[in-house]
Amino acid sequence: MTVICWFRRVLRLDDHPALVAAAAAGPVIPLVILDPAEARARPASAQRQVMALPGLAEALAARGSRLVVRRGDPAAVLARVIRDSGARVVHASQGLPFARDDGLAAAVEGAGARLHLHPLADLVARGSVLTKGGTSFKVFTPFWRALRQADIAPPLPAPDLAAPDRWPDSDPPDWPEARAAMRRGWDVVARHVQAGEGTAQDRLDAFLGRIAGDYVQGRDRLAEGDTTSGLSDALAVGEISARRIWHRALDAQHQGRGGVEDFLRELAWREFSRELFHAAPDLDRACWRREWNGFTWRGDGPDADAWGQGRTGIAVVDAGMREMFVTGRMHNRVRMIAASFLVKHLMIDWRIGLDWFARCLTDWDAASNAVNWQWVAGCGPDASPFFRVFNPDTQAAKFDPGGHYRQYWLAPEAEGARQFAKAAPLSWRIDLAARPAPLMDLDTGRQDALSAYRDFAGRM
Ligand code: FAD
């Protein structure tokens with residue numbers, strides 16, 4: 001009997017538990033749903049998903065199958081495709097956060113089918129790596145040690161696929177709502193994206209071919225490309241699985257490559273974020289340390305706008321915000337600096353930063369974004385303490401000593417700055433020749449933030 005496999009942010013054939021289960025059950029209709037609401041909230045991530053579709057369609061065609069794309073609200077689309085196809089079962093991966101899947105099962109059942117949600121092909125099943133007391137880890141290092149001892153299941157090979165007798169109609173693989181919400185033209189970000197399952201695998205191989213003992217130091221250098229895997233966007237849209245990366249990395253380690261252990265540790269941060277999100281599905285809205293929900297952060301306004309538009313006058317922050325707007329990604333170290341400047345120096349609510357990142361990042365990931373923002377703000381589990389305030393200038397001097405990263409995004413004649421000026425909405429009134437004055441003196445801002453945070457912490 002025909003079954004539907006909903007490719008839900010798992011845009012690959014390799015290591016896809018829902019697809020393997022669907023293929024074992026009968027002829028498969030591979031379905032991707034482009035939800036307008038999702039595109040409006042996270043346009044860059046939506047664009048990144050659309051860019052994965054041609055490769056996915058090709059891979060399916062090579063197996064005698066076909067990709068069906070539908071635009072609309074997922075519950076309504078599923079009900080329609082069930083009716084159009086007569087399928088009685090829908091296989092899909094769980095969503096993130098895990099708790100928000102409830103309405104879907106009801107919609108599928110209402111249309112006369114059953115919904116099977118499969119675990120994401122994460123390194124371990126959620127809740128399977130626990131403290132000796134049987135509770136979930138709240139601190140990264142012990143979690144990492146336990147994960148390193150755990151059995152990481154091998155990735156599942158892509159299954160053979162049988163085609164149904166008739167195919168439901170497909171919409172074009174385009175997401176107009178995302179195009180509109182991008183506010184910078186589709187092509188701006190597209191030229192910085194390398195999409196496709198095969199591309200992700202090649203990228204992984206190339207990275208493991210060059211990774212060396214200084215990966216961890218190289219990771220922090222702002223001006224050097226290719227010091228990290230660059231796989232976060234492929235991971236975020238599911239073109240490659242964490243398990244596939246893990247096992248290939250272990251192979252490379254066995255062959256004597258240095259730096260792999262540190263790389264696995266980064267993947268473990270992703271896993272830890274998911275574990276935390278599983279335990280606290282409101283992690284993207286509420287402070288994990290509940291007492292911090294009482295802190296009076298500043299809200300939206302001119303300072304938040306200046307931050308988002310790369311006009312704070314703090315060079316490394318502005319460079320990072322421009323990088324993200326143009327490329328859909330930002331160097332990890334700069335993410336930390338820019339986020340810290342927003343929540344510490346400017347004392348603006350971390351959720352404003354989280355939402356802006358969610359709009360701009362092609363590697364947006366609900367769990368990683370939330371955990372990292374809470375880490376920087378000091379209100380998350382195992383977070384950076386509130387009294388640690390990055391000095392952006394010191395950070396820039398340390399990690400961009402030649403100033404090349406900042407130059408690339410800020411110098412009026414530099415390629416990055418020119419791309420940004422072309423991409424920015426007119427209302428931002430970007431004048432490359434006029435660098436804005438700093439929003440604040442960094443030392444004064446630091447002292448003000450420290451005393452506000454200290455006052456609050458003292459009253460907790
Ligand atoms: P590599 O160094 O090659 O690392 C390999 C993989 O490990 C990454 O692809 C990623 O999946 C994972 N990883 C690495 N660092 C982290 C981390 N700190 N937390 C969780 N996973 C990590 N990453 C996202 O994927 N999506 C997000 O929405 C996101 N938001 C962030 C927000 C803030 C405020 C900060 C400080 C960090 C955020 N990160 C996010 C984490 C990190 O910046 C990116 O994962 C990293 O820059 C990706 O580059 P890479 O793939 O070359 O990393």
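Axes are lines fitted to C-alpha atoms, for helices over the stretch in contact, and angles run from 0 to 180 degrees between N-to-C directions. The model shown in these views is predicted.

**View 1. Helix H5 lies across strands E4 and E5.** The helix covers residues 102–110, and strand E4 covers 89–93. Relative to E5, H5 runs at about 145°.

**View 2. Five strands form an open sheet in the order E3-E2-E1-E4-E5.** The pairing is parallel. The edges are taken by strand E3 (68–71) and strand E5 (114–118); each has a single partner strand, so one side of each is left without a neighbour in the sheet. From one strand to the next, the twist averages 30°. Strands of a sheet pair through backbone hydrogen bonds, either parallel or antiparallel.

**View 3. An unreviewed UniProt entry places a "binding site" at ten listed positions, from Tyr215 to Asp365.** The record lists Tyr215, Thr228, Ser229, Gly230, Leu231, Ser232, Phe263, Asp363, Trp364 and Asp365. These positions are spread over 151 residues of sequence, and in space they are up to 23.0 Å apart between C-alpha atoms.

**View 4. Ser229, one of the positions in the UniProt record, sits in a loop between two helices.** The loop connects helix H10 (215–218) and helix H11 (232–236). Ser229 has 23 other C-beta atoms within 10 Å and is therefore buried, the cut-off being 20 or more. Not counting residues up to four places away in sequence, Ser229 touches Arg203, Leu204 and Phe207.

**View 5. Phe263, also among the positions in the UniProt record, belongs to helix H13.** This helix comprises residues 260–279. Phe263 is buried because 23 other C-beta atoms lie within 10 Å. Leaving aside neighbours within four places in sequence, Phe263 is in contact with Ile211, Tyr215 and Ala249. Of these contacts, Tyr215 is itself listed in the "binding site" record.

**View 6. Helix H15 is mostly covered.** The helix runs over residues 315–327, and 13 of its 13 residues are buried. At 1.5 Å a residue, the 13 residues should span 18 Å; the end C-alpha atoms are 18 Å apart, which agrees. Gly328 follows H15 and has a positive phi, near 85°.

Conventions:
Residues are numbered from 1 along each chain as its sequence is written. This is a predicted model: local features need pLDDT of at least 70, side-chain atom pairs count only at pLDDT 80 or more; totals for chains, interfaces and linings use all residues. UniProt positions are given in the numbering used here, feature names are shortened, and annotations may be inferred rather than shown by experiment. Helices (H or I, at least four residues) and strands (E, at least two) are DSSP runs, numbered from the N terminus. A residue is buried if 20 or more other C-beta atoms lie within 10 Å of its own, exposed if 12 or fewer, and partly exposed in between; C-beta atoms are placed from the backbone. Two residues are in contact if their C-beta atoms, placed from the backbone, lie within 7 Å. Two strands pair if DSSP finds at least two bridges between them. The expected span of a helix is 1.5 Å times one less than its number of residues.
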